[in-house]
Amino acid sequence: MNKLGPTIKKIRIIKGLSQKQVYTNIISRSFANRFESGTNDIQSEKFLMILDNLGISPSEFQYINNNYELPMAEQLLAKINYLYETHAFKTLSNWLKQHKESHNVQIQIVSGYAEVLLSSYSYHRFPLSKNIQMLMLHLLNEKSWTLQEIRMVKILIPIIATHEEFNINIETITNRIEENYKHYLTKYADPFQISNELINYYGVVLQNYLNTKNYQAAYGLRNKFNLDGLFLDWNGQISKQLWLAVWELYFGNYELGRDTLIKIIDFKSMFQISFSLNIDAIFKIRVADSKAYRFTKKIK
């Protein structure tokens, strides 16, 4: 990663701004010259004020300062998610074998994430490795989460549901993610697309409740998908409609739910869009299971 000052100078020149426009009332001109040359460092408060004058977010600055690359942890998570979503489990397993004994804390956390993905895909119950335990404790011990934690927490649901050693219920995790979710919204926008993460989290919880036959809790989730103030892109809207359709299969209008799922599958087929959710598998499993549930409860 490069020093801050030279990168600030590069961005300033790209934007066509003078030192006076960027540094006035923050640092002196002589200090600015030394800062831009990489000789002097700067206080974090003043650095953030400079970023405001440049009209650039800290995350974008970090990306540029890292030679237009994501931070290591984000790169690894993107790779792990891609391998999982494309079902490249052998490649994912090989990556895990190479990195699971790493002493780098970030790699340990990502390795725990990869182990959970692989294990939960193959088994309903599985042993908790050192990396999985580290990931769990890291997330459960902190009440305030960054975006990275919010995006990772949904993979904890199968563990919380199946391992008695974690004395915490899903409702507690749901309350916590809702509290943290609000921190990343503005009145008029969702700059980090966190609404999509919340909808996907509710979907994971719904599936877990259905898998464990906790139908009362599953029934109560419907209003979660219709919360006010959500800023969903097209992917988030599709996820929302998918989970509402699954809810209809079990508790509402079965035909409406089934028809909606078919439309979503047709939409996917028409545009050859890559979805993070395996909609075909969800359709197959939920249609059959909901029929059995409705038959047992004598729901028409």
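Q: At what angle do the axes of helix 1 and helix 4 cross, and how far apart do they come?
A: In this predicted model, the axes of helix 1 (residues 4-14) and helix 4 (residues 44-54) come within 11 Å and cross at roughly 15 degrees.

Q: Why is helix 1 called roughly parallel to helix 4?
A: Angles under 35 degrees count as roughly parallel, and the two axes cross at roughly 15 degrees, so helix 1 is roughly parallel to helix 4. The crossing in which helix 1 passes helix 4 is left-handed.

Q: Which residues of helix 1 and helix 4 meet?
A: From helix 1 come Leu4, Ile8, Ile11 and Arg12, and they meet Phe47, Ile50, Leu51 and Leu54 of helix 4. Sorted by class, this contact of helix 1 with helix 4 has seven nonpolar residues, one charged residue and no polar ones.

Q: What makes the pair Arg12 and Glu36 a salt bridge?
A: A side-chain nitrogen of Lys or Arg has to lie within 4 Å of a carboxyl oxygen of Asp or Glu, and for the side chains of Arg12 and Glu36 the N to O distance is 2.8 Å, so the pair counts as a salt bridge. The two partners are 24 residues apart, with Arg12 in helix 1 and Glu36 in helix 3 (residues 29-36), and the pair therefore links distant parts of the chain.

Q: How do you know whether Arg12 and Glu36 count as buried or exposed?
A: Buried means under 20% relative accessible area. Arg12 has 10% relative accessibility and so counts as buried, and Glu36, at 6%, counts as buried too.

Q: What makes Arg151 and Glu197 a salt bridge, and which helices hold them?
A: The closest N and O atoms of Arg151 and Glu197 are 3.9 Å apart, and the cut-off is within 4 Å, so the pair qualifies.

Q: Why is Arg151 called partly exposed, and what is Glu197 called?
A: Partly exposed lies between the 20% limit for buried and the 50% limit for exposed. Arg151 has a relative accessible area of 33%, so Arg151 is partly exposed, whereas Glu197, at 16%, counts as buried.

Q: How do you know that Asp289 and Arg286 form a salt bridge, and where do they lie?
A: Their closest N and O atoms are 3.7 Å apart, and since the cut-off is within 4 Å, the pair counts. Both Asp289 and Arg286 lie in helix 17 (residues 279-297), three residues apart, which is about one turn of the helix. Asp289, at 22% relative accessibility, counts as partly exposed, whereas Arg286, at 3%, counts as buried.

Q: Which residues do salt bridges with shared partners join into one network?
A: Arg151, Lys154 and Glu197 are joined in this way. A search of the whole structure finds six salt bridges.

Q: Why is helix 13 called roughly parallel to helix 15?
A: Helix 13 and helix 15 (residues 234-251) pack at an angle of about 25 degrees, with their axes 9 Å apart. Because angles under 35 degrees count as roughly parallel, helix 13 is roughly parallel to helix 15. Among the residues in this contact are Gly203 and Leu206 of helix 13 and Trp243 and Val246 of helix 15. By class, the residues of the contact divide into seven nonpolar, six polar and one charged.

Terms used: Residues are numbered from 1 along each chain as its sequence is written. This is a predicted model: local features need pLDDT of at least 70, side-chain atom pairs count only at pLDDT 80 or more; totals for chains, interfaces and linings use all residues. Side-chain values use heavy atoms; hydrogens and water are left out. Axes are lines fitted to C-alpha atoms, for helices over the stretch in contact, and angles run from 0 to 180 degrees between N-to-C directions. Helices (H or I, at least four residues) and strands (E, at least two) are DSSP runs, numbered from the N terminus. Angles under 35 degrees count as roughly parallel, over 145 as roughly antiparallel, 65 to 115 as roughly perpendicular and the rest as oblique. A crossing is left-handed if the near helix is turned anticlockwise from the far one by less than a right angle, and right-handed if clockwise. Contact means heavy atoms within 4.5 Å. Ala, Val, Leu, Ile, Met, Phe, Trp, Tyr, Cys and Pro count as nonpolar, Asp, Glu, Lys and Arg as charged, and the others, Gly among them, as polar. Buried means under 20% relative accessible area, exposed over 50%, partly exposed in between (1.4 Å probe, protein chains only).
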